[in-house]
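Here is a short briefing for a reader who is new to this structure. Please look over the sequence and the model first, then read the points below.

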Amino acid sequence: MRRIDFWVRRGAAMMVVLLLVLGLAACGGPSESQERPAPPPPPVTVLTVQTRDVEVVREYPARVHGSRQVQVRSRVEGILRERLFEEGRSVNKDELLFRIDPERYEIALLRAEADLADARASLNHAQREWARYSNLFAEAAVSELEKDKALTDLERAQARHAQAEVVVADARRSLGYTEVRAPVAGVTGMESLSEGNLIEWAGLLATITQQDPVHVRFAMPEVDAAMRGVDERSRRAKLLLPGGLEHPRQGDIDFTASVIDPRTGTVTARAVFPNPDLTLIPGQFVRIQVVLRLLEEVFTVPEAAVGQGRETTHLFVVDDENTARLRPVRLGPVTDGRQIILEGLKSGDQVVINGQAALRDGMPVNVVETVHDDAMEDAPKGDHVSDQVSNDQIPRENPKLEEN
């Protein structure tokens, strides 16, 4: 028992000695804790902004249509004798396209002319009789009844003569319709019936599509349609062909629908483009650039520079002390990859355009690069916002057909 108490007292003594050693070691160290060095200010790139006038441009998918698509139809019946054009080639207005067998219409014209000659002879006889009876009645040689009969015969002869003239005109017109001519200038399609076939009245012979000018149909989102102005600038349009080539001639928007399509939420529009070289083909898919409106004295910044808070949108602006300040702004539309700022900036402000993700209001920054607003003109442009309009939203209704 005594031996156990000895070892317990010995262990307690050793513990006390150990605690004293540790306490002395702690008292002999430095009295203040080491502090970590502050991190350096984050590097940022700033843009010095200036006011400018900006055209709000949008780009949409579109489809080319002929400005007129005319169905060439027969106005008389008969055997199709001859086709005088090459299918798929351009024809001029009033150019002869088809000949229908004219024999029956030539005979009808001769018959009508003979009837006209007979009516003219009857009219001449009635005029002579009226002159004779008029003189005799003045001398009291004939009765008033005989004079009235002569006048009635004259009036009937005049009516028959007028009717015969109408028949001759109708027969001459029908004979002229045996030569089918192009009602408009354009490119011909395939013939519907070949030579030797019997053509019925109003039978389709061919189709002509007028390709100069052409109509380009597209659909604008309702937001863009509401933004679009009514001045001459907002009527302008450019056309981008497949492969990125630009059509050399500018177009004009001549139609905008007054209602929104409830299925797509878009507004149908149409532009007219000159096409003298026939480089634009009906049915071709293209892209059209439209100037919606001109905004004066506004600022533009890259889209990525704009931040979104809970209630407002903002930018970071670096002041004279290299401190980032959060600046609420009012946004306009986006055009050519640049965000338009309507309110919240002033000329000469340095807007952070790179490195703003980790910034907080009042944080010091290290400006490593300053870009001027003019230099941003050559920067790569982002995608147009209105590219969200799909090809399925392009108006596809057929142009109104005109019959010849």
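**Briefing**

Ala 202 is partly exposed, because its relative accessible area is 25%, and the classes run as follows: buried is under 20%, exposed is over 50%, and partly exposed lies in between, with a 1.4 Å probe and protein chains only. This is a predicted model, in which local features need pLDDT of at least 70 and side-chain atom pairs count only at pLDDT 80 or more, while totals for chains, interfaces and linings use all residues. Residues are numbered from 1 along each chain as its sequence is written, and side-chain values use heavy atoms, with hydrogens and water left out.

**The chain as a whole**

- The protein chain has four helices and 20 strands. Both are DSSP runs numbered from the N terminus: helices are H or I with at least four residues, strands are E with at least two.
- Of the 404 residues in the protein chain, 36% count as buried.
- The protein chain exposes about 24,600 Å², and carbon and sulfur atoms supply 51% of that area. Accessible areas come from the Shrake-Rupley method with a 1.4 Å probe; for residues, only the protein chains shown count as cover.
- Among contacts in the protein chain with a separation of 6 or more, 78% come from residues 24 or more positions apart. Contact means heavy atoms within 4.5 Å.

**Helix 2 and helix 3**

- Two packed helices are described by the angle between their axes and by the distance between the axes.
- Helix 2 covers residues 103–138 and helix 3 covers residues 144–176; they pack at an angle of about 160 degrees, with axes 7 Å apart. Helix 2 is therefore roughly antiparallel to helix 3.
- Axes are lines fitted to C-alpha atoms, for helices over the stretch in contact, and angles run from 0 to 180 degrees between N-to-C directions. Angles over 145 degrees count as roughly antiparallel, under 35 as roughly parallel, 65 to 115 as roughly perpendicular, and the rest as oblique.
- Helix 2 passes helix 3 in a left-handed crossing. A crossing is left-handed if the near helix is turned anticlockwise from the far one by less than a right angle, and right-handed if clockwise.
- The residues of the contact between helix 2 and helix 3 divide into 20 nonpolar, five polar and 12 charged. Ala, Val, Leu, Ile, Met, Phe, Trp, Tyr, Cys and Pro count as nonpolar; Asp, Glu, Lys and Arg count as charged; the others, Gly among them, count as polar.

**Two valines to find there**

- Val 168 is found in helix 3. Val 168 is buried, because its relative accessible area is 5%.
- Val 168 and Ala 112 are 56 residues apart in sequence, yet their C-alpha atoms are 5.0 Å apart in space. Not counting residues up to four places away in sequence, Val 168 touches Leu 109, Ala 112, Glu 113 and Leu 116.
- Val 142 sits in the loop between helix 2 and helix 3. With a relative accessible area of 15%, Val 142 is buried.
- Val 142 touches Tyr 133, Leu 136 and Phe 137, again leaving out residues up to four places away in sequence.

**Backbone points**

- Most residues other than glycine have a negative phi, and most peptide bonds are trans.
- Ala 202 has a phi near 70 degrees, a positive value in a residue other than glycine. Ala 202 lies in the loop between strand 8 (198–199) and strand 9.
- Asp 94 also has a positive phi, near 70 degrees. Its place is the loop between strand 4 (90–91) and strand 5 (96–100). Asp 94 is partly exposed, with a relative accessible area of 48%.
- A cis peptide bond joins Asp 212 and Pro 213, with omega about 5 degrees. Pro 213 is found in strand 9, residues 204–221.

- Leu 342 lies in strand 17, residues 338–343. Leu 342 is partly exposed, with a relative accessible area of 31%.
- The C-alpha atoms of Leu 342 and Arg 330 are separated by 5.5 Å, and the two residues are 12 apart along the chain.
- Asn 366 is found in strand 19, residues 366–372. Asn 366 is partly exposed, at 38% relative accessible area.
- Asn 366 and Val 44 are 322 residues apart in sequence and 6.1 Å apart in space, C-alpha to C-alpha. Beyond residues up to four places away in sequence, Asn 366 touches Pro 41, Pro 42, Pro 43 and Val 44.
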